[in-house]
Amino acid sequence: RVQLVESGGGSVQAGGSQRLSCAASGDLRSVNSMAWFRQAPGKEREGVAVIFTAGGTVFINDYVRGRFTISQDNAKNTLYLTMNSLKPEDTAMYYCATSPWGRGFGGDWRRDNRYNYWGQGTQVTVSS
């Protein structure tokens, strides 16, 4: 089993920056990709970014590319999401998730049913 704990959310003004962290623990041998998702009120959960743990390949969703960066610190078993130039439409609950599927397996990385462990989420609120 994998436990995930997100932190780093809060309120920020438009144009500002935040860095979210996701600390992973437990049996991480089965983890082959880690991702950030977000869900705004009244909207479906959507994939923001993914990193494949073997090799570090990254995919970023179009609507945040150039503003958000996903990274990992293997020594600390921690996943990060660095968010710059934040917009009010980035306001959402942000979740990290892990999957046993590596790159090229398990279907579209943006589908949430590809992931089997989830954190509790951290709220990000961007004001204009």
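Biologist: What makes cysteine 96 count as buried in this predicted model?

Modeller: Its relative accessible area is 0%, and buried means under 20%, so cysteine 96 is buried. Cysteine 22 also has a relative accessible area of 0%, so that residue is buried by the same cut-off.

Biologist: How do you know that a disulfide joins cysteine 22 to cysteine 96?

Modeller: The S to S distance is 1.9 Å, and the rule asks for sulfur atoms within 2.5 Å, so the pair qualifies. The count comes to one disulfide. Cysteine 22 lies in strand 3 and cysteine 96 in strand 9, so the bond ties together parts that are 74 residues apart in sequence.

Biologist: Why is this disulfide called right-handed?

Modeller: Happy to explain: the torsion about the S-S bond of cysteine 22 and cysteine 96 is about 50°, and therefore the disulfide is right-handed.

Biologist: On to the rings. How many aromatic pairs does the whole structure hold, and why is the pair of phenylalanine 52 and phenylalanine 59 called edge-to-face?

Modeller: The search finds five aromatic pairs. For phenylalanine 52 and phenylalanine 59, the centres are 5.9 Å apart and the planes stand at 85°. Phenylalanine 52 is buried at 4%, whereas phenylalanine 59, at 32% relative accessibility, is partly exposed.

Biologist: What makes tyrosine 115 and tryptophan 118 an edge-to-face pair?

Modeller: Their ring centres are 6.1 Å apart and their planes are at 70°, so the pair is edge-to-face too. Tyrosine 115 is buried, with a relative accessible area of 5%, while tryptophan 118 is partly exposed at 24%.

Biologist: Which residues have the most contacts inside the largest nonpolar core?

Modeller: Trp36, Leu81 and Tyr94 do, in a core of 27 residues. Among the strands that each supply at least two residues of this core are strand 3 (18-26) and strand 9 (92-99). Tyrosine 94 touches residues including Trp36, Leu81 and Val124. A second, separate core of seven residues includes Ala35, Phe37, Ala97 and Tyr115.

Notes. Residues numbered from 1 in each chain as written. Predicted model: local features only at pLDDT ≥ 70, side-chain atom pairs only at ≥ 80, totals over all residues. Heavy atoms only, no water. Phe/Tyr/Trp six-rings, centres within 6.5 Å; stacked < 30°, edge-to-face > 60°. Buried < 20%, exposed > 50% of the residue type's maximum accessible area, 1.4 Å probe, protein only. Core = buried A, V, L, I, M, F, W, Y, C linked by side-chain atoms within 4.5 Å. Helix = DSSP H or I, 4+ residues; strand = E, 2+ residues; numbered from the N terminus. Contact = heavy atoms within 4.5 Å. Lists of a residue's contacts leave out its neighbours within four places in sequence.
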